[in-house]
Amino acid sequence: VQDPSNLSVEPIQKAVPEARSPYEALVSLIASLPDPCLLLHPDGRMIYQNEPASDVVGKLPLDTKLSTHLRAPEIHDAIARLTADRHPVKFEFMRPVPAERWYEIHMAPVSVQTSAERTVPEDLIVMSLHDLTQRQRLDRMRADFVANASHELRTPLASLIGFIETLQGPAKDDAKASERFLDIMAAQSRRMSRLLDDLLSLNRIEMNLHIRPDERIDLADIVRHVVDSLRPIAEESKVDLNFEFRGGGDDDDSGFFVAGARDELIQVVQNLVENAIKYGQDGKRVDITLARSEKPDGVGQLRLEVRDYGPGIAPEHVPRLTERFYRVDVASSREKGGTGLGLAIVKHILNRHH
């Protein structure tokens, strides 16, 4: 129905032949909608709500005022405006608790003929809610991504420009200053290179997020490779790397094979182990465990654990660890060469591998 204000009784009766009246047909139609939808009195009291609406506003008793559960002046004003001029209303609404949710709300008048045994007014309001939360979060993520990426690149770029100008001017003939500045410039260039590499890597993974890798990969071999490649960094940081198998072994050909993409799984293990070395080095030890086990339903699985003994992460930071450019300690991360994209890459790779 394109215009609910011109709702025709006869098509509803044909579409829902088992309905005893146009009112029952309208209720059946609302019940079948995937979006939350409510049928209201002109004064905002609830007549009927479908199951998705119950997830949003809870199960409201009959004749309950909607405004007592959705405390939003926009809804009250929309009902008053619609009742006065009988024109459909559309607006956006944000519900802050228990978690931020955004909705696009449509309200339209509808007239139905009711049977004698039903005491329902002929003029009703159909209210539907379309969830915009995911779209709003994506928009915010894009905006944050552009702002953070430009900021992360601007800082080393400004540093490079400043040192180049200094070398071309006041420090032109100062050999010691030139050597010191060139070392800093090289470090800033490497930082920008790492950032661009991580951005390109993240983009490639996102492009193929819907394609599950199917190459047969030995996960034990990948972990060994990563441990061997990072051992010099661990020794320099005075951290002991310990790698252990559980539930399988080197001679168990079927124990540690998975369907995946080798380079991406190397990225996952390398990021986790390198983070443990860098940010948990106070603990002087990192344990890497590859275990073979079973899910409760009996399906075999592999479990990779990377544990450090450092200071840990405060609970309030944990939900945001895989956000792009999110850092618990910005200064420490930059000092240690972090780009703020490592765990975002890990999350996307694991999602791609299901």
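Reader: Is aspartate 123 buried, exposed or partly exposed, and how is that decided?
Author: Buried means under 20% relative accessible area, exposed means over 50%, and partly exposed lies in between (1.4 Å probe, protein chains only). Aspartate 123 has 37% relative accessibility, so it counts as partly exposed. This is a predicted model: local features need pLDDT of at least 70, side-chain atom pairs count only at pLDDT 80 or more, and totals for chains, interfaces and linings use all residues. Residues are numbered from 1 along each chain as its sequence is written, and side-chain values use heavy atoms, with hydrogens and water left out.

Reader: With which residue does aspartate 123 form a salt bridge?
Author: A salt bridge is a side-chain nitrogen of Lys or Arg within 4 Å of a carboxyl oxygen of Asp or Glu. The partner of aspartate 123 is arginine 86, with the closest N and O atoms 3.7 Å apart. This pair links distant parts of the chain: aspartate 123 is in strand β5 (residues 123-131), arginine 86 in the loop between α4 and β3 (89-95), 37 residues apart. Helices (H or I, at least four residues) and strands (E, at least two) are DSSP runs, numbered from the N terminus. Arginine 86 is partly exposed, with a relative accessible area of 31%.

Reader: How many salt bridges does the structure hold, and which residues are linked in a network?
Author: The structure holds twelve salt bridges. Asp43, Arg45 and Asp63 are linked in a network. Arginine 45 bonds to aspartate 43 in a salt bridge with closest N and O atoms 2.8 Å apart. Its salt bridge with aspartate 63 has them 3.1 Å apart. Aspartate 43 is partly exposed at 35%, arginine 45 is partly exposed at 24%, and aspartate 63 is partly exposed at 39%.

Reader: Now a sheet. In what order do β7, β9 and β10 stand?
Author: Two strands pair if DSSP finds at least two bridges between them. Here the order is β7-β9-β10, in an open sheet with mixed pairing. β7 (240-246) and β10 (300-308) stand at the edges with a single partner strand each, so one side of each has no neighbour in the sheet. Neighbouring strands are turned by 10° against each other on average, direction ignored. Strand β9 (residues 285-294) pairs with β10 in the antiparallel sense over nine bridges. Serine 293 stands opposite glutamine 301 in β10.

Reader: Which helices lie across β7, β9 and β10?
Author: Axes are lines fitted to C-alpha atoms, for helices over the stretch in contact (heavy atoms within 4.5 Å). Angles run from 0 to 180 degrees between N-to-C directions. Helix α7 (residues 219-236) lies across these strands, at about 170° to β7. Helix α8 (residues 262-279) also lies across them, at about 25° to β10.

Reader: Is asparagine 271 buried or exposed, and what does it touch?
Author: Asparagine 271 is in helix α8. Its relative accessibility is 15%, so asparagine 271 counts as buried. Asparagine 271 touches Gly342, Leu343 and Val346, not counting residues up to four places away in sequence.
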